[in-house]
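Here is a friendly walk through a two-part subject, written for someone who likes to know the cut-offs behind each term. Please have a look at the sequence and the structure first.

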Amino acid sequence: MQVPAPVEYERATTVDEAIALLERYGPEARLIAGGHSLIPMMKLRLARPEVLIDINDLKDLAYIKREGDELRIGAMARHRDLLESPVAFEYFPIFRDAEQVIADPIVRNRGTVGGSICQADPSEDLSAAFAAVDAVMVIRSSSGERIVPSIEFHEGPYTTAVGDGEILMEVRVPIRPGCGSAYEKVKRRVGDWAIGAAGACVQLEGDTVIEAGVGLAAVGADHFRALGAEDVLRGGPATEEQFAAASAAAAAGCAPVSDQRGPADYKRHLAEVLTLRALRRAAARARGQE
Amino acid sequence: MQVTMTVNGEKVTRDVEPRLLLVHFVRDVLGLTGTHWGCDTSNCGTCVLWMDGEPVKSCTVLTPMAGGREIRTVEDLERDGELDPIQQGFINEHGLQCGFCTPAMMITCRDLLDHNPDPSNDEIREAISGQICRCTGYENIVRATRWAADHPATEEVTA
């Protein structure tokens, strides 16, 4: 039987209360949202917080909405909310692509967007999707709010910019005209982490790529991002040859490790093929062909 | 700590360790053993129950997190001696063999029908994709769900 170590439990009903509890209990306290990343880690004793601060009552952080030229996703939005959100799909079909293959339908009822990216598992899909669409994260503490770009949000495996006494509030994604986005993932079975996955977002002006983002999950890409691929794409033509060159750059720039999900060279191959597929679909969507 | 929640329409209050998993609370503290305990890793889905109207894997919820929430388990599917159509469907279409995955399968399929009364076979398979039947009776589970979709009211049960 897998059971977490003894832990104290508190429940926050407002963001200010959550922050006050974090300050009171210090670095051994952890926020718990859906719990579908943290509780399994606690069962394995890989995480051993002394106090859990339950933030499931923060329902006012469960929104997904457009505000100005941004899509704003509250940290407490559940995976199912993002999967089914018409406004998210209208501007960023990459999120529906990704959510369809994250965990399973029952887990998606409970797991949250904020919890997933704060867990920062190197195989986590939304982190790669947010890298591709150039998202920023809003973090609050008792001294105010700060905004962190996704590339700085993920400091390393299981480590984010969210510090002691801080809470992730929302993710903001810039809405740009002429954008298309897509996500491609290969996994062993439903509910498993990716063997490899790639997300792409391209902004076209005619047949020129004026802005591009490529995110990678599970293949050892720094900050989930393939900057080399983006450099190849930016300013160039939106052609199959260019996408192939960018995909090769994505594969060359990542550092997969061999494990039970597959050998490193296979994962590198996946990084290339999935980046190419994601770029094709993203460009087709930008052109309104899909 | 003291935790109060509603389980199958009744308010229950118990003193529990915060680390107690909801699946063990329901089974061992309340004695509602229809909710099964399987893999412990939120993969097999045999511990699914409703929390505030949504199916969740109760091996991955701490009991105090269910405080103040409405829990509904498989024991609540039958009403006044009348089986829910999903239960009748599992009987009629042989949707179970060993029965281990069955309570949670019925909850998920009931929930699907509540939101989508006429699901395709693919939609049923997607809905149960986070749950494992090791008798490999998925085909019959799909048929059982279709049966329930085709017989939404228990009055129509003729078997």
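This is a predicted model: local features need pLDDT of at least 70, side-chain atom pairs count only at pLDDT 80 or more; totals for chains, interfaces and linings use all residues.

Residues are numbered from 1 along each chain as its sequence is written, and chains are lettered from A and ligands numbered from 1 in the order in which they are written.

**Chain A as a whole**

Chain A has twelve helices and 13 strands; helices (H or I, at least four residues) and strands (E, at least two) are DSSP runs, numbered from the N terminus. Its C-alpha atoms fill a box of roughly 55 × 45 × 30 Å along the principal axes. The radius of gyration of chain A is 19 Å, which agrees with the value near 19 Å for a compact globule of 290 residues. That radius is taken over C-alpha atoms, and the globule rule is 2.2 Å times the number of residues to the power 0.38.

Of the 290 residues in chain A, 55% are buried. A residue is buried if 20 or more other C-beta atoms, placed from the backbone, lie within 10 Å of its own, exposed if 12 or fewer, and partly exposed in between. Among the contacts in chain A with a separation of 6 or more, 64% join residues 24 or more positions apart; a contact means C-beta atoms, placed from the backbone, within 7 Å.

A:Met169 sits in strand 10 (residues 167-174) of chain A. A:Met169 counts as buried because it has 20 C-beta neighbours inside 10 Å. Leaving out residues up to four places away in sequence, A:Met169 touches A:Leu61, A:Ala75, A:Val138, A:Ile139 and A:Arg140.

**Domains of chain A**

The bounds come from an automatic or database domain assignment, which gives domain 1 (8-54), domain 2 (59-174) and domain 3 (179-286). The C-alpha centres of domain 2 and domain 3 of chain A lie 19 Å apart. Across this boundary, 21 residues of domain 2 of chain A are in contact with 23 residues of domain 3 of chain A. On the domain 2 side, helix 5 (93-99) and helix 8 (125-132) of chain A each supply at least two residues, and helix 8 gives the largest share, six residues.

**A sheet in chain B**

Chain B holds an open sheet of five strands in the order 2-1-5-3-4, with mixed pairing. Strand 2 (10-15) and strand 4 (54-57) of chain B stand at the edges with a single partner strand each, so one side of each has no neighbour in the sheet. Strand 1 (residues 2-7) and strand 2 of chain B pair in the antiparallel sense over six bridges, where pairing requires that DSSP finds at least two bridges between two strands. B:Val3 has B:Arg14 in strand 2 of chain B as its bridge partner.

**Where the chains meet**

In this interface, 25 residues of chain B are in contact with 23 residues of chain A. Strand 4 of chain B gives the most to the chain B side, with four residues.

Here are two contact sides by residue class.

Terms used: Two residues are in contact if their C-beta atoms, placed from the backbone, lie within 7 Å.
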